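Please look through this note with the model open beside you, and take the points one at a time.

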Amino acid sequence: MIGRRGHRILVALLLSVLLLTTACAPKTPGQFDQVQKESTQKKSGQAVAKNATQGSEFNKLFPAEQAGYQRVFTQEKKGFAEANLKKGGKVMAQLAVSDTTSTPSAAAKYSSSTKKIGGYPAVTLGNTQTSVLVGKYQVKVISKDPSFTASDREDWIEKFNLSGLARLK
């Protein structure tokens, strides 16, 4: 019979064979593997359309600083630019311009709008957001402080260079 030492050798040998066969076995695909493979191979459905306007083009169209308000740019990327509107060091609102080429649904919500700001179709979302559609561009003002009202948001939208934005291609 096999002695105690033989048992240990046999167990070690069997464990080695087990590890070798399980490590080399093909991995069964997980539930997300196929989707991951498809999404990395596709070029369609990218977040920003190739023909979207550079965010730097929007910066010059933002309202100038005035009446105790300070404009601080916070983000700029292809198809989008954003700034905080501060007063006394406190963020009162967020100002943004985005190219809707990448997000057609953003532009679609203006089709039934009856309200206009600066001659452009406008929508209000909840109690904090007001926006207009200027051609393919959306101009949005979002209240970050309760004292910054819907009327304030409309006033700041009109301070954008909307006609300059309309001329952008």
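1. Strands here are DSSP runs of E with at least two residues, numbered from the N terminus, and two strands pair if DSSP finds at least two bridges between them. The model is a predicted one, which should be kept in mind throughout.

2. With those terms in hand, strand 6 and strand 7 can be described as a hairpin that has two residues between its strands, and Gly135 in that turn has a positive phi of about 65 degrees. Their pairing is antiparallel and runs over six bridges, and Gln129 has Ile142 of strand 7 as its bridge partner.

3. On another side of the pairing list, strand 5 (residues 120–125) joins strand 6 in the antiparallel sense over four bridges, with Val123 bridged to Ser131. The hairpin of these two strands has three residues between them, and Gly126 takes a positive phi near 65 degrees there.

4. Is strand 6 mostly covered or mostly open? Strand 6 (residues 129–134) is mostly covered, since six of its six residues are buried. In a regular strand the side chains alternate between the two faces of the sheet. Here Gln129, Ser131 and Leu133 point one way, while Thr130, Val132 and Val134 point the other way, and all are buried.

5. Strand 7 (residues 137–143) also pairs with strand 3 (residues 90–99), in the antiparallel sense and over seven bridges, and Tyr137 is the bridge partner of Asp99.

6. Taken together, seven strands form an open sheet with antiparallel pairing, in the order 1-2-3-7-6-5-4. Strand 1 (69–77) and strand 4 (115–117) stand at the edges with a single partner strand each, so one side of each is left without a neighbour in the sheet. From one strand to the next, the twist averages 25 degrees.

How values were computed: Residues numbered from 1 in each chain as written. Predicted model: local features only at pLDDT ≥ 70, side-chain atom pairs only at ≥ 80, totals over all residues. Heavy atoms only, no water. Buried < 20%, exposed > 50% of the residue type's maximum accessible area, 1.4 Å probe, protein only. Axes fitted to C-alpha atoms, helices over the stretch in contact; angles between N-to-C directions.
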